[in-house]
Amino acid sequence: MPENALPENKIPVIRVPAMPSDINEGGTIFGGWIMSQVDIAGSIPAAVRAGGPIVTRAVDSFEFKKPVFVGDLISCYAEVTKVGKTSITVCVEVYAQHMEKGIVSTAAVTEATLVYVAIDEKGRPRAVPKA
Ligand SMILES: CC(C)(COP(=O)(O)OP(=O)(O)OC[C@H]1O[C@@H](n2cnc3c(N)ncnc32)[C@H](O)[C@@H]1OP(=O)(O)O)[C@@H](O)C(=O)NCCC(=O)NCCS
C-alpha cells in the first residue's frame with residue numbers, strides 16, 4: 001500500500017467525520033468515540049458472517065497508533081480473520097484523512113481485534129453457519 005493513502009482494493013465499512021462534540025480535554029478525539037466506531041465497524045462483517053444477531057464478547061487487542069483530530073474523516077476497514085464454533089474474530093483498521101489548506105494527508109490511526117459471538121433469540125451462543 002502506498003504511504004499517505006487509504007488501502008487499495010478495500011472498501012471501508014464505515015466512513016465518518018470526527019466532530020467537535022467528540023473531543024477529549026486535550027483537544028484530540030476521545031478514544032472512547034473511536035472504540036465505539038471500531039465496535040460498530042467490526043460488528044458489520046461479523047453479523048453478515050453469523051447470518052443474524054451477534055454480541056461483542058471480547059476486545060483482544062486495541063492500539064491507538066496516532067491521534068485523530070476534529071474534522072478528520074475516519075475510514076474503518078473490517079475483516080473476519082477467524083471463525084470458531086460460536087465466535088467470529090474481526091480485525092478492524094482505522095485510517096484518518098486530515099484536510100488542511102487543500103491538502104489531504106492519510107494515516108493509519110487505530111488497529112483492533114474483536115471477538116463477536118452469534119446468539120439465538122434467548123441471547124445464548126449459537127453455532128456460526130458454515131461459510
Ligand atoms: C456472549 C455470551 C452470550 C457468551 O456466552 P457464554 O456462555 O459465556 O459463552 P463463552 O463466552 O464462554 O463462549 C462463546 C465463544 O466466545 C469465545 N470467547 C470467550 N471469551 C473470549 C475471549 N476473552 N477472547 C476471545 N474469545 C472468547 C469462546 O472461545 C467461544 O468461542 P467458540 O464457540 O467459537 O469456541 C455472553 O458472554 C454474553 O451475553 N456476554 C455479554 C455480551 C454483551 O453484552 N456485549 C456488549 C454489547 S454487544
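I began with Asp60, where a polar side-chain atom sits 3.3 Å from a nitrogen atom of the ligand. I count a polar contact as a pair of N or O atoms within 3.5 Å. The model is predicted, and local features need pLDDT of at least 70, side-chain atom pairs pLDDT 80 or more, while totals for chains, interfaces and linings use all residues. Residues are numbered from 1 along each chain as its sequence is written, and side-chain values use heavy atoms, without hydrogens and water.

I then looked up Ser87: an N or O atom in its side chain is 2.6 Å from an oxygen atom of the ligand. For Thr56, I found a backbone N or O atom 2.9 Å from a ligand nitrogen atom.

Ligand, cover. I noted that the protein covers 48% of the 960 Å² of accessible area that the ligand has on its own (Shrake-Rupley method, 1.4 Å probe).

Ligand, shell. I found that strand 2 (54-64) and strand 5 (103-118) are the elements giving two or more residues to the shell. Strand 2 gives the most, with five residues. I took strands as DSSP E runs of at least two residues, and helices as H or I runs of at least four.

Core. I looked up the largest nonpolar core and found 25 residues. Such a core is a set of buried (under 20% relative accessible area, 1.4 Å probe, protein chains only) Ala, Val, Leu, Ile, Met, Phe, Trp, Tyr and Cys residues joined through side-chain atoms within 4.5 Å. Helix 1 gives the largest share of this core, six residues.

Key
Polar contact = N/O pair within 3.5 Å; in protein donor to acceptor, adjacent residues only side chain to side chain. Buried < 20%, exposed > 50% of the residue type's maximum accessible area, 1.4 Å probe, protein only.
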